[in-house]
Amino acid sequence: MRVDRMVGLLSDLHSQHKLLLEISVQKTEALKKNDITVLDKLLSEENKCIQTIERIENERVREVETLLNAQGIVIDENPSLAQLLRFYDHEGQAKLIHAQNQLRQTIQELQEQNELNHELTRQSLQFVNASLSLMEPKKPTANYGRPGQTSQQNGYQKSRSIFDSKA
């Protein structure tokens, strides 16, 4: 079995996830500075990186399926690296486990960075919503009035839009 091919695929996945982590760190800075232009560019780079990761992952799954089929083993829906380890010698297992651990660590860092970006985005949206609510005209207070009389006293209060289209 070709341990170098599998280690190479895991290394490629690791490299792409490292790149994705760098992009995520840059996204954090763009979110802090509220730089939409940079953020848009980073999202485009992130999509390309994700497509590359999907392509490499598909190759990895095919490679695992090929190796398991060669051994006459029935394949699960998601064949894993752990299913292959028993077919490699001690040195091959060590290389695969090392590559797998590097990839896991990078994915963990990426998840933490993405959680930070998610929180920053959520806080930005809360700020925008709070700013918009401050711009809205205030609702009239409940007053006593004559029956049948509406609470609207002039035409301005009929339209409750944030923006004045006549301006």
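## Briefing: helices, cores and a surface patch

S24 counts as buried, because its relative accessibility is 0%. That serine is placed in helix α1. The model described here is predicted. Its largest nonpolar core has 22 residues.

- Leaving aside neighbours within four places in sequence, S24 is in contact with L110, Q113, N114 and N117.
- K18 has a relative accessible area of 36%, so K18 is partly exposed. Buried would need a value under 20%, and exposed a value over 50%.
- K18 and L110 are 92 residues apart along the chain, yet 8.1 Å separates their C-alpha atoms.

**The largest nonpolar core**

- M6, L10, L13, L81, L84, Y88 and L96 have the most contacts inside this core of 22 residues.
- At least two of its residues come from each of α1 (3-33), α2 (36-70) and α3 (90-135).
- α1 gives the largest share, eight residues.
- L96 belongs to the group with the most contacts inside the largest core. Beyond its neighbours within four places in sequence, L96 is in contact with V3, M6, V7, L10, L81, L85 and Y88.

**Helix α3**

- α3 has 46 residues. From its first C-alpha to its last, α3 reaches 67 Å. That is close to the 68 Å expected at 1.5 Å a residue.
- An α-helix has 3.6 residues a turn, so residues three or four places apart point the same way.

**The nonpolar surface patch**

- F127, V128, L132 and M135 make a nonpolar surface patch of about 390 Å².
- L132 has its place in helix α3.
- L132 counts as partly exposed because its relative accessible area is 33%. The limit for buried is under 20%, and for exposed over 50%.

Key
Residues are numbered from 1 along each chain as its sequence is written. This is a predicted model: local features need pLDDT of at least 70, side-chain atom pairs count only at pLDDT 80 or more; totals for chains, interfaces and linings use all residues. Side-chain values use heavy atoms; hydrogens and water are left out. A nonpolar core is a set of buried Ala, Val, Leu, Ile, Met, Phe, Trp, Tyr and Cys residues joined through side-chain atoms within 4.5 Å. Buried means under 20% relative accessible area, exposed over 50%, partly exposed in between (1.4 Å probe, protein chains only). Helices (H or I, at least four residues) and strands (E, at least two) are DSSP runs, numbered from the N terminus. Contact means heavy atoms within 4.5 Å. Patches are made of residues with over 30% relative accessible area and no salt bridge: like charges are joined within 9 Å, nonpolar side chains (Val, Leu, Ile, Met, Phe, Trp, Tyr) within 5 Å. Accessible areas come from the Shrake-Rupley method with a 1.4 Å probe; for residues, only the protein chains shown count as cover. A salt bridge is a side-chain nitrogen of Lys or Arg within 4 Å of a carboxyl oxygen of Asp or Glu. The expected span of a helix is 1.5 Å times one less than its number of residues.
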